[in-house]
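Here are a few friendly notes to read alongside the model. Please keep the structure open as you go through the points.

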Amino acid sequence: MARVSPRLPADSGSGALRPGPAPRVSARPAAAAPAAASASPSTARAINDRLALRLLQSEGPLTAGQLKKLTGLSRPSVADLVERLGAAGLVAVVGETGAERRGPNARLYGIVADRAHLAGIDVRTHRVSVAVADLLGRTVAEDTLPVDPADEPGRTVDAASGLLERTVARAGVGTPHTLAVGAPGLVDPATGRLQHTGSLPHWHGEFVTRLRGTLGAPVLLENEVNLAALAEQRLGAARDRDTFVLLWLGHGVGAAVILDGALRRGASGGTGEIGFLPVPGTADPPTATDCDGGFFSLAGSAAVCALAREHGLAVPGDAGDAAPAAEAVVRAAAADGAGRADGFLDALAARVAVGAAAVCAVLDPGCVVLGGETGRAGGDALAARVRGSLAGMIPLRTEVRAGSVGGGAVLRGAVLTAMDAAQDVLFSPPV
């Protein structure tokens, strides 16, 4: 059954929008009943229009007959619906079903994907990435810019803004209808603004503030691990799960919680801040402003690099970035079964299982997806070891899977979030 996300409420503090639960449309929706007879004609039309658009999105181009069957509407109602959506620039004839069925009944109707464009932005400690996509979420242009964490924040904000401008220009579109930004840290549910935790860069919040003040378009802000979880839910390893936890292992660590199909953020936007989780095996406990001593000290990139060296493995590059840790894990996974690599993966899995066990003991999600650069790098070799360690710690049956979206999970999640918000506006004509 098609599930449509609610309209996104305006952010009272900044004019931005907060993303709601991602709509999940089944591959083959069952026939839906027409709008309730008690609804006013204008309300009924709006409901039916939105249903038809969701079907065209999930199914691809459809004939009027197929729309009639899937919506349960009468043929005249479908004809009126198609005419309204065409006049609004949302639907157009995109082909015919075949030469044997020429004529009006064979016309295929599809969503006009370039009716609006949107942008997803992924801001990290060492880079910023931008993707511009059409109304169906298909990428039109994409680019990435390295960032020096030690650089002056104003210069970094200028560089990130320039990257967005160049990517939009290369896509050949005007101002995107909606933008979504993924960043590390807490997103205040009341204001939609970024709250910094630990030693996270301050330019992230300044960049979002500039976008909201200059673009004249809605700018959504979400924790980057939450966006990665949405991407895995819609496109990747958790497509068959309504409840799961994404455990992010990269430069930092974190978790995103999806319960009954909905992303859970918590009262202060901090659900999944497991870098601050007190764990055994560290010298001192974490503090409210510094996650050193928490789970971060066991599974962050610097800790993973140190663990690899302890097992005699070479670690290239700057251990403060996620890439060297991921490279060390990739090499170890490729040499799975060899002595030193095997010991390193076993030790890393035992550490990861500590954080996973804490989350699973409270939530019992039944499935943990390993994301982030290190989590993806370990693939099935690391996931299997974490599953084994976890089974020895808690009595709850828990699958452990490697993330499958790839290195752009946060960016893909940002594009999906912006797409959902843009569609929520454009697919809901005023009643």
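1. In this predicted model, D342, L345, D346, L348, A349, A350, V352, A353, V354, A356, A357 and C360 of α10 touch T374, A381, L382, R385, V386, S389, L390 and M393 of α11, where contact means heavy atoms within 4.5 Å. By class, 15 of the residues in this contact are nonpolar, two polar and three charged.

2. How do these helices pack? Helix α10 (residues 339-363) and helix α11 (residues 372-393) lie at an angle of about 65°, with axes 7 Å apart; the axes are lines fitted to C-alpha atoms over the stretch in contact, and angles run from 0 to 180 degrees between N-to-C directions. Helices here are DSSP runs (H or I, at least four residues), numbered from the N terminus.

3. A384 also belongs to helix α11. Its relative accessibility is 38%, so A384 counts as partly exposed (buried is under 20% relative accessible area, exposed over 50%, partly exposed in between, with a 1.4 Å probe and protein chains only). From C-alpha to C-alpha, A384 and E399 are 9.2 Å apart in space and 15 residues apart in sequence.

4. W203 and F207 sit four residues apart in helix α5 (residues 203-214), about one turn of the helix. Both W203 and F207 are buried.

5. A word on conventions: residues are numbered from 1 along each chain as its sequence is written. Local features need pLDDT of at least 70, side-chain atom pairs count only at pLDDT 80 or more, and totals for chains, interfaces and linings use all residues, while side-chain values use heavy atoms, leaving out hydrogens and water.

Methods:
Helix = DSSP H or I, 4+ residues; strand = E, 2+ residues; numbered from the N terminus. Nonpolar A, V, L, I, M, F, W, Y, C, P; charged D, E, K, R; others polar.
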